[in-house]
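I opened the notebook to look at one chain and at how it meets its partner. My entries follow the model below.

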Amino acid sequence: MGKVKNRIRRLRFDQDEMTQDELANKAGCTRQTIIALEQGKYVPSIELAFRIARAFNIPLEEVFQYEDSQGGVK
Amino acid sequence: MAPLQKRAFYGLIFSIAWVIAMVAVFILKGGANAFDEDQSFRLIMDSIWVGGLIVYLALFYTILRKSKLVDERDKLIYDRSPRAQWLAVIFALVAWIIGLSEGFRGQGVPTVYLYLMFFTILSVSSIAGSIGILVGYWRMNRNG
């Protein structure tokens, strides 16, 4: 089974060191969910994934990547 | 700690205190025999369980309506918690049915036992509901 990875932590720092709280407010979720996402312990719904990408002003696939069982990133 | 996680923790403490209060009042007021004869005793017990149930439900429903405090991850954990409740209720029912059918075989079951059975199921359900949420957070933080 594949795994969904994300670059949220990197993107936050690239965008003026945006705090987890700020991102949570922009994406409409709680700070605990941002923490879980950054630690790879939660895979968001499609809707939340889009909201997070929109908070960074970048396309969805630049935030989230799907890594299949063979290790290929899509 | 997530806001819903905090509420579940408070819910667990409240449920345990609620059970202790019910058991204490029941014993101090005279137990099963007095319960059948004393209407004021029954009213006190009724007000404790109805009041406790309202407080318990209010603890969760007030926070579930606040979208800034509860998001999809919290709701996922909350929606999974009835699994723990269901298991706990089934085990409590099995224990009661075996106990009552063995204790009163061939006789009628006194009304007070139906009341106690209902209260046990209610309290087991509320304790297991809070534990289900806390375990849900623990598992999500551990395994993802």
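How many residues of chain B are in contact with chain A? I counted 15 residues of chain B in contact with ten residues of chain A; contact means heavy atoms within 4.5 Å.

Ground rules. I work on a predicted model, where local features need pLDDT of at least 70, side-chain atom pairs count only at pLDDT 80 or more, and totals for chains, interfaces and linings use all residues. Residues are numbered from 1 along each chain as its sequence is written, chains are lettered from A and ligands numbered from 1 in the order written, and side-chain values use heavy atoms, with hydrogens and water left out.

Entry 1, chain B overall. I found six helices and zero strands. Helices are DSSP runs of H or I with at least four residues, strands are E runs of at least two, and both are numbered from the N terminus. The C-alpha atoms fill a box of roughly 50 × 30 × 20 Å along the principal axes. Of the 144 residues of chain B, 36% count as buried, that is, under 20% relative accessible area with a 1.4 Å probe, protein chains only.

I checked the length of H1 (residues 3-28). At 1.5 Å a residue, its 26 residues should span 38 Å, and the end C-alpha atoms are 37 Å apart, which agrees. The expected span is 1.5 Å times one less than the number of residues. Buried residues of H1(B) include B:Leu12, B:Trp18 and B:Phe26. The buried residues of H1(B) pack against H2, H3, H4 and H6 of chain B. B:Gly30 follows H1(B), with a positive phi near 120°.

Chains B and A bury about 930 Å² between them, 48% of it on carbon and sulfur atoms. Buried area is the accessible area (1.4 Å probe) that two parts lose on being put together, summed over both. In chain B, B:Asp71, B:Glu72 and B:Arg73 lose the most area to chain A, together 56% of what that side buries. H4(B) gives the largest share of the side of chain B that touches chain A, four residues.

I located B:Asp71 in the loop between H3 and H4 of chain B. Beyond its neighbours within four places in sequence, B:Asp71 is in contact with A:Cys29, A:Thr30 and A:Thr33.

Terms used: Buried means under 20% relative accessible area, exposed over 50%, partly exposed in between (1.4 Å probe, protein chains only).
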